[in-house]
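This briefing is meant to be read beside the sequence and the structure. It covers the contact between the chains, the strands, the salt bridges and a few single residues.

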Amino acid sequence: MKQVVGIINLQEGNSLIRELAATRAVEALPFAGRYRLVDFAISNMVNSGISAVGLLLPDFSRAVLDHIRSGKDWDLARRRDGLTYLPAALPDNDSRKGDLKDIYANLDFAELSGRQYVLLTNASYIYNIDFEKVLDFHKKSGADITMVYSKAQVDREGKSVVIQTSTNGIVTDLAEVPAIKEGQKDVMGAYLMPVPTFAYLVRSTYERGGQDFLLDALIRHAEEFKISAYKHEGYVAHINSTMEYYEANRDCLKPEVWEELFMNNDRPIFTKVKDEVPVQYKETASVKNSLIANGCEIRGTVENSILFRGVIVGKGAVVKDSILMQRCDVQEGARVENVICDKEVIITKNRWLKGAENYPYIVKKKARI
Amino acid sequence: MRKTECLAMILAGGQGSRLKALTKTVAKPAVPFGGKYRIIDFPLSNCANSGIEKVGVLTQYKPLELHNYLGSGSSWDLDRTGGGVFILPPYAREKGADWYRGTADAIYQNLNFIDLADPDYVLILSGDHIYTMDYSWMLKAHKMNNADVTIGVFEVSWEEAPRFGIMVTDKETGRITEFQEKPKEPKSNLASMGIYIFSKPFLKKYLEEDGVKEDSTHDFGNDLIPKMLADGARMFSYAFEGYWKDVGTIESLWQANMDLLQDQPPFDLKGDQKVFSSNPSLPPHFVGPYATVKQAMINEGAKIEGDVEKCVIFQGVRVGKGAKVTNSVILPSAVIEEGAIVNYAIIAQDAVIKAGAKVEGKEGEIFVVPEGAVVNAQ
C-alpha cells in the first residue's frame with residue numbers, strides 16, 4: 001500500500017440530515033458512543049497500510065480539526081507523510097458549487113505525493129475494510145478505475161450511486177438514483193485509480209465547467225475508461241438521513257455488527273482519546289441491550305440505547321430506544337423514548353420525551369427540557 | 001537538557017511479591033487497577049497534573065511490559081521536548097554492573113541523570129500507591145519552610161500505625177522530630193507515604209555518603225531519613241488528606257477496586273484531577289439483552305451477556321450468557337464462558353473460565369486465577 005496516497009472527501013454537504021449537521025459537517029457526527037463518522041474513513045486507510053492521507057476539509061471544519069488535530073490518535077503524526085489537511089478552494093467570483101473545485105485546488109497533493117495510485121473515499125459511509133484487497137483486485141482486473149460497492153440489503157431513500165456489472169465484474173452502467181432498491185449494487189464512495197487518471201479526470205472536467213466529482217467527472221467519463229467493481233461483503237451503512245443515522249447506530253447493538261466493525265484486532269477503529277473513567281453502574285441500575293461509553297454514570301434504566309461519553313442517567317430515569325450524545329444528563333424520574341439528544345442536553349426531573357418509532361425526536365445541542 | 005525546577009523520580013522496580021500470581025510476568029507498578037488503569041498511571045498522572053515535565057522511571061524487575069506500556073510517555077502528555085519520561089533501568093559502568101540495592105541506591109546510581117536534568121528539587125515517588133495529589137502544593141510548602149526534606153504523610157488509624165514508617169512531628173510547624181520504622185508502640189499516627197521532596201544539593205551529599213557505605217541497606221526509610229534526622233536537618237511533614245491506598249497485597253488490591261463501586265466512592269476517579277492511561281482503541285462496551293449489571297465498573301470493548309454485580313471489569317472482557325460474576329475483579333481480555341460462576345475472585349489477563357466452571361473465594365481469601373490460565377468445569 002506504499003504506492004497509494006489516500007484522499008478522504010469531507011465535502012459531502014448533506015441537506016437530508018440537517019437537524020444534526022447544522023453546525024458540523026456530516027462527517028463529524030458522533031457515532032456509536034465514542035466515534036465520529038470520519039474515524040472509519042481514516043482508520044480504514046491507516047489499517048490498510050496507507051501512510052499518506054489527505055483530508056479534504058468541509059466548509060464547517062472546526063469540529064473536524066478539533067477532533068483530528070495532529071492525527072496522532074490515528075498514528076498519522078509522522079515525520080514523513082502522515083496527515084495533510086486539504087483546505088476547501090477559496091471562493092472567487094465565478095464560485096461554483098460541488099466538491100470538484102476543492103479537489104482541483106488540491107490536485108498537487110496527489111500529483112506530488114510520488115505515489116502511483118490515489119484512493120478517494122467518502123467519510124459518510126460506515127464500514128471496516130482492508131483496501132489492500134481492493135488494490136490487488138484492481139491490479140488483477142486490469143481496469144483503469146476500481147470502485148467499491150455492496151449489495152443493498154433493503155430499499156432506502158436518499159441519493160445513491162448504483163452500478164450494473166457484466167459477469168467479469170466490469171461496470172457497464174453507472175447512475176445516480178434518488179432511492180435504492182434491495183439487491184442493487186450500491187457504490188460506497190471509494191474509488192481507486194492511478195494518479196495520472198485521477199488528475200486527468202479532475203482537470204479536464206473542471207476546466208470544462210464541471211462541479212461534482214462523481215456526477216461530472218466519473219459518470220460523464222465512464223465510457224472512456226474500463227471500470228471494475230470490487231464487492232465489499234461486510235456491513236455497510238450510508239449516513240444520508242436522520243433515519244439512517246438512527247438505524248446505523250442501532251445496528252451497532254447487533255453483536256455481529258459490533259464485532260465486525262470494532263473488535264477486529266488487525267483493524268481497530270481509532271478515535272480521539274479522552275481518558276474517561278470506565279462506566280459506573282450503581283446499585284439501582286438496570287441496563288439491557290445497549291452500548292455504554294466510558295465516563296457514563298448510571299442509576300436508572302437503559303434499554304436498546306446508545307450512550308456516548310459522560311452521560312448521566314439518574315435514579316428512576318428511563319432511557320429507551322434512544323441515542324444520547326456526550327454529557328447528556330437525564331435526571332431522576334425523567335423518561336426519554338425514541339429520542340436523539342445532541343451533546344449536553346439536560347432532561348430535568350420527571351420530564352417525559354417521546355419520539356415516533358419510525359422517526360426519532362431530535363433535541364438540539366445544550367437544550368434544557 | 002533544559003533546566004527543571006523539580007524533577008520527579010518514580011521507583012518502579014518493585015517486584016510486589018505479595019501480589020503473587022499477578023506479578024509473575026509484570027512489575028508491581030504495571031499491575032492493572034480500576035477497570036482501565038495500571039498502578040503507575042497514578043503517580044505519572046499526578047506528575048502531569050502538577051506541572052512536572054521531567055520524570056525518571058526507575059525500573060528493574062520484569063521491566064518489559066512496563067517499558068512497553070510507558071512508551072514515549074504520550075499517554076500522560078509526558079512526551080515533551082527536552083523533558084518527558086525517562087526510563088532508567090540499572091546499567092553497567094566501568095566498575096561492573098549492579099542491581100539497585102535499595103530505594104536510595106536506585107537514585108544514587110542515577111545521580112548523573114539528576115545532574116544532567118539539573119533540578120533545584122527532586123521529588124521521589126513510589127509506583128505502588130493509588131491516590132491523586134497535586135505535588136505543586138507540597139513543593140510550595142517545602143520552599144516556604146526552607147526545608148532540606150519534606151515528607152508526605154497520611155493519617156492512619158492507631159491500630160494500623162505499626163505497619164508503617166511513622167513520623168513524629170511538632171504539631172505547630174510540622175517539623176519532624178522523630179522517625180519510627182514499623183514501631184510496636186507508635187508515638188504518632190502519621191504514616192510516611194513514601195513521597196519525598198529533597199533539595200538537590202542536600203540529597204546528592206547524602207546519597208554519595210550512603211552509596212559507598214558497606215553496612216547500609218541503601219534505603220530511604222532505613223538509612224537516609226534516620227541519618228538526616230540525626231544530623232539535625234530541616235525535615236518537615238506535609239499532610240495529605242484524601243484517598244491513599246497501598247495495594248501491595250491481593251486483599252488490599254481487591255478492596256481498593258471494590259471501594260470504587262460505592263454510590264459515592266471514597267476515591268473519585270472523576271475528581272478534579274484526571275487520571276490518564278494508555279488507550280487500547282476499543283468501542284463502548286456492549287450489554288446484551290439478557291444481561292444484568294449492578295454496582296459495577298466496566299471498561300471499553302467488554303461484552304456482557306450474563307449477570308454482573310459488584311465487579312470491576314477491564315477492557316475486552318467477555319461474560320457469557322447465564323454466567324454469574326460477583327464481588328470480583330476481571331482483568332483485560334479474560335473470558336467467563338456461559339453459565340460459569342465467579343465469586344470473590346481476581347481473574348488475571350487472558351484467563352478463561354470455561355462454560356459451567358466455578359471459581360469461588362470468600363472475603364479475606366480472594367481466589368486468584370493467574371494470567372492465561374484455563375479453569376475447566378469439574
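The points below describe a predicted model, grouped by topic.

Chains A and B bury about 3400 Å² between them. Six salt bridges cross that interface, and a sheet of eleven strands includes strands of chain A and of chain B.

**Interface between chain A and chain B**

- The contact involves 38 residues of chain A and 41 residues of chain B.
- Carbon and sulfur atoms give 49% of the area of about 3400 Å² that is buried between the two chains. On the chain A side, A:Trp258, A:Asp275 and A:Tyr281 supply 19% of the area buried against chain B, more than any other three residues.
- There are 26 residue pairs in polar contact between chain A and chain B, counting pairs with both residues at pLDDT 80 or more.
- Four elements of chain A each supply at least two residues to the side that touches chain B: helix H10 (255-262), strand E14 (279-281), strand E15 (286-288) and strand E16 (290-292). H10(A) gives the most, with four residues.
- Sorted by class, the side of chain A that touches chain B holds 21 nonpolar, six polar and eleven charged residues.

**Strands within and between the chains**

- Strand E14(A) pairs with strand E17 (residues 292-298) of chain B; the pairing is antiparallel and runs over three bridges. Here A:Tyr281 lies opposite B:Ala296 of E17(B). A:Tyr281 is also one of the three residues named above for their share of the area that chain A buries.
- The eleven-strand sheet is open, its pairing is mixed, and its order is E28(A)-E25(A)-E22(A)-E19(A)-E16(A)-E16(B)-E18(B)-E20(B)-E22(B)-E25(B)-E28(B).
- The edges of this sheet are strand E28 (361-363) of chain A and strand E28 (374-375) of chain B, each of which pairs on one side only.
- Within chain A, E16(A) runs parallel to strand E19 (residues 306-307), joined to E19(A) by two bridges. A:Ile292 stands opposite A:Leu307 of E19(A).

**Salt bridges**

- Over all chains, the whole structure has 36 salt bridges.
- B:Asp79 and A:Lys72 form a salt bridge through their side chains, at 2.7 Å from N to O. The pair crosses between chains: B:Asp79 sits in the loop between helix H2 (64-70) and strand E5 (84-88) of chain B, and A:Lys72 in the loop between helix H3 (62-68) and strand E5 (82-86) of chain A.
- B:Asp79 has a relative accessible area of 31%, so this residue is partly exposed. A:Lys72 is likewise partly exposed, because its relative accessible area is 43%.
- A:Arg299 forms a salt bridge with B:Asp263, with 3.0 Å between the closest N and O atoms. A:Arg299 also forms one with A:Glu297, where the closest N and O atoms are 2.9 Å apart.
- Both A:Glu297 and A:Arg299 are buried. Through shared partners, salt bridges join A:Glu297, A:Arg299, B:Asp263 and B:Lys270 into one network.
- A:Asp102 and A:Lys101 meet in a salt bridge of 3.5 Å, N to O. A:Asp102 counts as buried because its relative accessibility is 1%, and the cut-off for buried is under 20%.

- Helix H9 (residues 242-251) is mostly covered, with seven of its ten residues buried. The buried residues of H9(A) are A:Thr242, A:Glu244, A:Tyr245, A:Tyr246, A:Ala248, A:Asn249 and A:Asp251.
- A:Gln326 lies in the loop between strand E22 (323-324) and strand E23 (329-330) of chain A. At 11% relative accessibility, A:Gln326 is therefore classed as buried.
- Leaving aside residues up to four places away in sequence, A:Gln326 touches A:Pro30, A:Arg36, A:Phe308, A:Arg309, A:Lys343 and A:Glu344.
- A:Leu90 is in the loop between E5 and helix H4 (100-105) of chain A. Its relative accessible area is 75%, so A:Leu90 is exposed.
- A:Leu90 and A:Ile346 are 256 residues apart along the chain, and 39 Å separates their C-alpha atoms.

How values were computed
Residues are numbered from 1 along each chain as its sequence is written. Chains are lettered from A and ligands numbered from 1 in the order in which they are written. This is a predicted model: local features need pLDDT of at least 70, side-chain atom pairs count only at pLDDT 80 or more; totals for chains, interfaces and linings use all residues. Side-chain values use heavy atoms; hydrogens and water are left out. Buried means under 20% relative accessible area, exposed over 50%, partly exposed in between (1.4 Å probe, protein chains only). Contact means heavy atoms within 4.5 Å. Buried area is the accessible area (1.4 Å probe) that two parts lose on being put together, summed over both. A salt bridge is a side-chain nitrogen of Lys or Arg within 4 Å of a carboxyl oxygen of Asp or Glu. A polar contact is a pair of N or O atoms within 3.5 Å; within protein, one must be able to donate a hydrogen and the other to accept it, and residues adjacent in sequence count only if both atoms are side-chain atoms. Ala, Val, Leu, Ile, Met, Phe, Trp, Tyr, Cys and Pro count as nonpolar, Asp, Glu, Lys and Arg as charged, and the others, Gly among them, as polar. Two strands pair if DSSP finds at least two bridges between them.
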